Amino acid sequence: DRLALAALERGVPKDQLANFLRAGYVPQPKQLEFHAACRMCDREDGPDQIGFGGARGPGKSHAVFAQIALDDCQRMPDLKVLYLRRVAKNAREQFEDLRKAVMRYVPHDYNRSTGLITFPNGSRIVLGHFNNERDVDQYLGIEYDVIVPEEATTLTGSKYKTLRDSNRTSKPGWRPRMYPSTNPGNVGHVWFKERFITPARLGKETDTRFIFATVDDNQFIDSGYTKKLEENTGWKLRAYRFGDWDIAAGQYF
């Protein structure tokens, strides 16, 4: 009952919550905010880029993966999702961890060698990676209904735009969308802040939405993780522990 009330308060539709509960997934409050924003993408006047994150450890990757695997791919047949992360080894390891945690009760086929998850309705999640920015160009010209750029601030603004050019669809009733998750810092800090953070702070979001979250929003994280984050100093402490987007030092490294 508490979950149903929390979902209602945040605008999560009944069918979306039913998809999550059917899979055994119980979203936390910030995750519910993210999922509600993702459903806003269905509207013609809605956003098409839903960002999630800030500090490390709020459960953003878990929520994003649940959104594509348990909701989007279940309700839209033949959907094609690109799940993109920077380093190939990290991408595959995280991909497999999330698949086991999120999709335990969801029928699917997984090809480990190709990094492809396929659902009975024909929808699929494709694992991609980029060791350097040139690798992003391999996705240019390919149609993806949904794109998930994990660690989005490790991309420059021009490469994010390259991904946007591949975020299109030919499926009636579906609006293309992107779910970038990230932390402050890195080479893409400035463009990400301009595109997502400033409009959210000013209440002037149009094509974007951003859900601010920190480790304090994740009740399932181990008790020692917060302490580890607080061992950082300077801009890393502000970014990784508190999700401070006003940092300057270190953003380009």
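Trainee: Quick one to start: are Phe 20 and Tyr 25 buried or exposed?

Mentor: Phe 20 is buried, and Tyr 25 is buried as well, where buried stands for under 20% relative accessible area, exposed for over 50%, and partly exposed for what lies in between, with a 1.4 Å probe and protein chains only. Keep in mind that this is a predicted model, in which local features need pLDDT of at least 70 and side-chain atom pairs count only at pLDDT 80 or more, while totals for chains, interfaces and linings use all residues. Residues are numbered from 1 along each chain as its sequence is written, and side-chain values use heavy atoms, with hydrogens and water left out.

Trainee: How many aromatic pairs does a search of the whole structure find?

Mentor: The search finds 17 aromatic pairs. Rings of Phe, Tyr and Trp (its six-membered ring) pair if their centres lie within 6.5 Å, with planes under 30 degrees apart counted as stacked, over 60 as edge-to-face and the rest as tilted. Phe 20 and Tyr 25 are edge-to-face because their ring centres are 5.1 Å apart and their planes stand at 90°. Phe 210 and Phe 212 are also edge-to-face, since their centres are 4.8 Å apart and their planes are at 75°.

Trainee: And what is the relative accessible area of Phe 210?

Mentor: Phe 210 has 6%, so that residue is buried, whereas Phe 212 counts as partly exposed at 30% relative accessibility. Both belong to one aromatic cluster, together with Tyr 160, Trp 191, Phe 192, Phe 196 and Trp 245.

Trainee: Switching to the largest nonpolar core, which residues touch the most other members?

Mentor: Those are Phe 34, Phe 65, Ile 68, Leu 70, Tyr 83, Ile 125 and Tyr 179, out of 38 residues in that core. Such a core is a set of buried Ala, Val, Leu, Ile, Met, Phe, Trp, Tyr and Cys residues joined through side-chain atoms within 4.5 Å.

Trainee: Which element gives the most to this core?

Mentor: Among the elements that each supply at least two residues are helix H3 (29-40), helix H4 (60-75), strand E2 (80-85) and strand E5 (124-129), and H4 gives the most, with eight residues. Helices (H or I, at least four residues) and strands (E, at least two) are DSSP runs, numbered from the N terminus. There is also a second, separate core of 18 residues, which includes Leu 82, Ala 152, Ile 197 and Trp 245.

Trainee: Which residues is Ile 125 in contact with, leaving aside its neighbours within four places in sequence?

Mentor: With contact taken as heavy atoms within 4.5 Å, the list for Ile 125 includes Ile 68, Val 81, Tyr 83, Phe 95 and Leu 116.

Trainee: New topic: where is Arg 177 placed?

Mentor: Arg 177 is in strand E7 (residues 177-178), and with a relative accessible area of 0% this arginine is buried. The side chain of Arg 177 makes a polar contact with the side chain of Asp 42 at 2.9 Å. A polar contact is a pair of N or O atoms within 3.5 Å; within protein, one must be able to donate a hydrogen and the other to accept it, and residues adjacent in sequence count only if both atoms are side-chain atoms.

Trainee: What ring does the charged end of Arg 177 sit over?

Mentor: That charged end sits over the ring of Trp 174, 3.8 Å from its centre, the rule being that NZ of Lys or CZ of Arg is within 6 Å of the ring centre and within 35 degrees of the ring normal. Likewise, Arg 56 lies over the face of Tyr 240, at 3.7 Å from the ring centre.

Trainee: How many salt bridges are there?

Mentor: The count comes to 19 salt bridges, each a side-chain nitrogen of Lys or Arg within 4 Å of a carboxyl oxygen of Asp or Glu. Asp 15 forms one with Arg 39, the closest N and O atoms being 2.8 Å apart. Asp 15 lies in helix H2 (residues 14-22) and Arg 39 in helix H3, so this pair ties together parts that are 24 residues apart in sequence.

Trainee: Which residues are linked with those two in a network of salt bridges?

Mentor: Asp 42, Asp 71, Asp 72, Arg 75 and Arg 177 are linked with them. Within that group, Asp 72 forms a salt bridge with Arg 75, with the closest N and O atoms 3.6 Å apart. Asp 72 counts as buried at 0% relative accessibility, while Arg 75 counts as partly exposed at 28%.
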